[in-house]
Amino acid sequence: TETVVSYARSPLEQLEPSRFWHTFSDMNKVVQGPKFVVSEAQGVWLWDDNGDRYLDGTASLWYCNVGHGRAEIADAVHRQLGRLDAYAVYGDFANAPALELSERLASHAPVADPRVILTCGGGEAIDSAAKVARQYWAVRGRPERVHLISRTGGYHGLNGFGTSIIGMDRFRTGYGPLVTDTSVVAHDSIEELEAEILRVGPERVAAFFAEPVIGAGGVYAPGPDYFARVAALCEYYGILFVVDSVICGFARLGNWFGIERWGVRPDMIVFAKGVTSGYLPLGGVIVSGAVAEPFWNEPGHPLHHGTTYAGHPTCCAAALANLDILEREDLFTASREIEVQLDSAVRTLATHPMVREVRSGVGVMAAVELTEEALAAGITTAEIFQESRARGVVLRAVPTALLISPPLVIAWEQIEHLVSTLRASLDAV
Ligand code: PLP
């Protein structure tokens with residue numbers, strides 16, 4: 001017996017209506033129902049405030065790669081808070097954890113002569129990368145090179161530039177004018193990318209942004225030669241190639257930044273999430289030496305960009321302890337094994353009458369896409385998500401698919417439990 005779920009309202013929920021505004025939510029609906037209050041977590045398990053247990057099938061929001069409740073990360077954070085809680089790193093200020101983390105990330109990055117910008121999360125890192133790209137061209141005497149190209153289904157956070165280049169319309173609309181000089185091309189088409197470069201004019205394109213495997217947009221892996229051709233195209237037209245490894249990094253694809261699987265070396269890599277396994281917020285951009293060159297080696301080009309908490313020593317200490325776990329337990333190899341197990345288990349759902357497609361097999365991530373008939377008949381992924389959670393497994397619902405991305409410490413029996421629960425949930429709606 002995995003889980004007994006009670007729908008009883010907890011003491012916390014008696015406080016309704018609360019004033020807490022849930023993100024990514026229709027508050028009009030959320031405010032009416034009970035909240036799902038997560039109280040504790042350990043390994044791949046969560047407990048709500050009724051004491052009921054759930055399998056974390058998504059590593060929270062794609063980030064808890066080492067699993068929950070790691071005492072050594074908590075200890076590292078505690079030690080760091082006791083020594084130096086925080087001090088900002090503008091100007092010539094630095095701190096030991098930020099310096100060490102930057103060296104360590106640089107040593108593993110498939111980027112030539114790398115430099116590291118630290119941020120508080122992925123969206124901030126995307127904005128940093130976009131600003132570095134545009135300013136790089138400006139200081140190189142090419143201020144007209146501002147255009148940013150991204151892909152359908154690409155998710156790049158919801159800061160200013162991220163909102164402007166995201167490949168999902170629902171995140172872009174309703175805010176008036178966004179950053180201009182951006183466009184979105186099909187995620188799997190080199191031809192469309194090149195046509196767009198030529199339409200805009202190669203001399204006006206600053207950078208191309210892509211996730212190794214599209215995550216929040218529905219788990220779409222690239223074709224085998226896609227990234228080699230992207231890298232060649234970007235090099236040919238002199239366009240900066242920015243890889244968004246926020247989901248794919250830190251062993252989710254069995255390596256450091258995901259993109260290594262396709263053997264290319266981008267100009268910048270954006271990271272977040274798995275760098276700390278989410279224990280504390282942290283992200284950043286790894287920038288090639290060539291792009292950093294005018295800022296680092298030529299006088300008079302300071303980057304007027306940064307945030308109060310960039311390089312926060314306590315967040316960096318959490319990252320260092322997290323990377324220790326990834327390396328010591330070799331979660332890179334474990335991830336490759338889980339990838340195969342998850343793929344074999346989740347593919348058994350492909351023949352379910354409500355399933356149009358299962359996408360999996362590259363990294364520890366999978367999507368189970370519903371048929372058009374099921375969606376047209378009014379079945380929603382949100383209902384299936386609710387059914388699954390009521391049975392003790394937390395998944396993620398996007399408009400047409402259920403997404404799976406467990407911690408990289410999940411065992412085979414737990415993968416089987418996850419998939420059989422999803423099957424039962426599909427049967428139930
Ligand atoms: N890039 C990718 C690929 C993401 O999946 C996300 C978040 O889900 C982001 C960027 C934004 O990161 P954050 O939510 O930390 O701003």
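1. The crossing of α13 and α14 is right-handed, that is, the near helix is turned clockwise from the far one by less than a right angle. Helix α13 spans residues 381-390 and helix α14 residues 412-428; they pack at an angle of about 125°, with their axes 8 Å apart. Axes are lines fitted to C-alpha atoms over the stretch in contact, and angles run from 0 to 180 degrees between N-to-C directions. The two helices are therefore oblique to each other (under 35 degrees is roughly parallel, over 145 roughly antiparallel, 65 to 115 roughly perpendicular, the rest oblique).

2. This is a predicted model, in which local features need pLDDT of at least 70, side-chain atom pairs count only at pLDDT 80 or more, and totals for chains, interfaces and linings use all residues. Residues are numbered from 1 along each chain as its sequence is written.

3. From α13, Ile384, Glu387 and Ser388 meet Thr421, Leu422, Ser425, Leu426 and Ala428 of α14 (contact: C-beta atoms, placed from the backbone, within 7 Å). By class, this contact has 4 nonpolar, 3 polar and 1 charged residues.

4. Domain 1 (12-66 + 330-428) and domain 2 (71-328) divide the chain; the bounds come from an automatic or database domain assignment. Their C-alpha centres lie 27 Å apart. In domain 1, 22 residues are in contact with 22 residues of domain 2. On the side of domain 1 that touches domain 2, α11 gives the largest share, 5 residues.

Technical notes: Helix = DSSP H or I, 4+ residues; strand = E, 2+ residues; numbered from the N terminus. Contact = placed C-beta atoms within 7 Å. Nonpolar A, V, L, I, M, F, W, Y, C, P; charged D, E, K, R; others polar.
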